[in-house]
Amino acid sequence: MDGQLRGRCLCGAVTFKVTRDPSSVHWCHCSMCRRATGAASAVLVWVSRSGVDWEGVPARYRSSNVAERGFCERCGTPLFLDYERSAELAMMVGAFDNPRMLRPTHHYGVESMLPWDERHDVLPRQETDLGDPMLQGLVPTPPRAPR
């Protein structure tokens with residue numbers, strides 16, 4: 001990478017620049033990422049929290065007792081997943097201006113992969129590791145009652 005990956009939300013109210021190379025890029029098939037993105041899966045780009053410069057302030061939603069999700073309050077674009085116990089943010093690949101170079105290396109949370117979401121790649125597949133220190137005690141935020 002050239003050391004400067006840029007991105008933004010759909011409306012442009014929140015922009016970012018990543019100044020350090022990502023440590024990992026992967027598909028996530030968990031149900032929380034599906035709901036947060038409105039897609040069958042998410043592609044997460046793990047970058048150093050201190051290596052992201054923001055213009056505009058992302059809104060945050062506490063999606064579980066261990067993480068928050070960042071998004072644009074104006075247009076709703078999902079921007080990141082932020083685990084409290086991590087020095088990194090998991091940025092959403094779709095928010096990057098040029099995501100072509102951000103190629104996933106594996107699939108995560110494959111126990112939640114939708115049966116019709118057939119990926120014909122040879123990338124390694126991993127189930128969710130609830131023993132991971134970032135996920136210790138994970139409890140999703142319960143949905144609100146309908147109005």
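Let's start with Ser-63, which sits at 8% relative accessibility and so counts as buried, the cut-off being under 20%. Keep in mind that this is a predicted model. Ser-63 lies in the loop that links strand 6 (59-62) to strand 7 (67-71). Beyond its neighbours within four places in sequence, the residues in contact with Ser-63 are Met-32, Glu-68, Arg-69, Pro-140 and Thr-141. Then there's Val-139: 76 residues from Ser-63 in sequence, yet 8.8 Å away in space, C-alpha to C-alpha.

Now for the strands on either side of that loop. Strand 6 and strand 7 run antiparallel to each other, paired over 4 bridges, and Ala-59 stands opposite Phe-71 of strand 7. Both belong to an open sheet of 8 strands with mixed pairing, in the order 6-7-8-9-4-3-10-11. Strand 6 and strand 11 (125-126) are at the edges with a single partner strand each, so one side of each has no neighbour in the sheet.

On to the nonpolar cores:

| Core | Size | Residues, among them |
|---|---|---|
| Largest | 19 residues | Phe-16, Val-18, Val-45, Leu-79, Met-91, Phe-96 |
| Second, separate | 16 residues | Cys-33, Tyr-83, Ala-90, Leu-135 |

Definitions and conventions: Residues numbered from 1 in each chain as written. Predicted model: local features only at pLDDT ≥ 70, side-chain atom pairs only at ≥ 80, totals over all residues. Heavy atoms only, no water. Helix = DSSP H or I, 4+ residues; strand = E, 2+ residues; numbered from the N terminus. Buried < 20%, exposed > 50% of the residue type's maximum accessible area, 1.4 Å probe, protein only. Contact = heavy atoms within 4.5 Å. Pairing = 2+ DSSP bridges. Core = buried A, V, L, I, M, F, W, Y, C linked by side-chain atoms within 4.5 Å.
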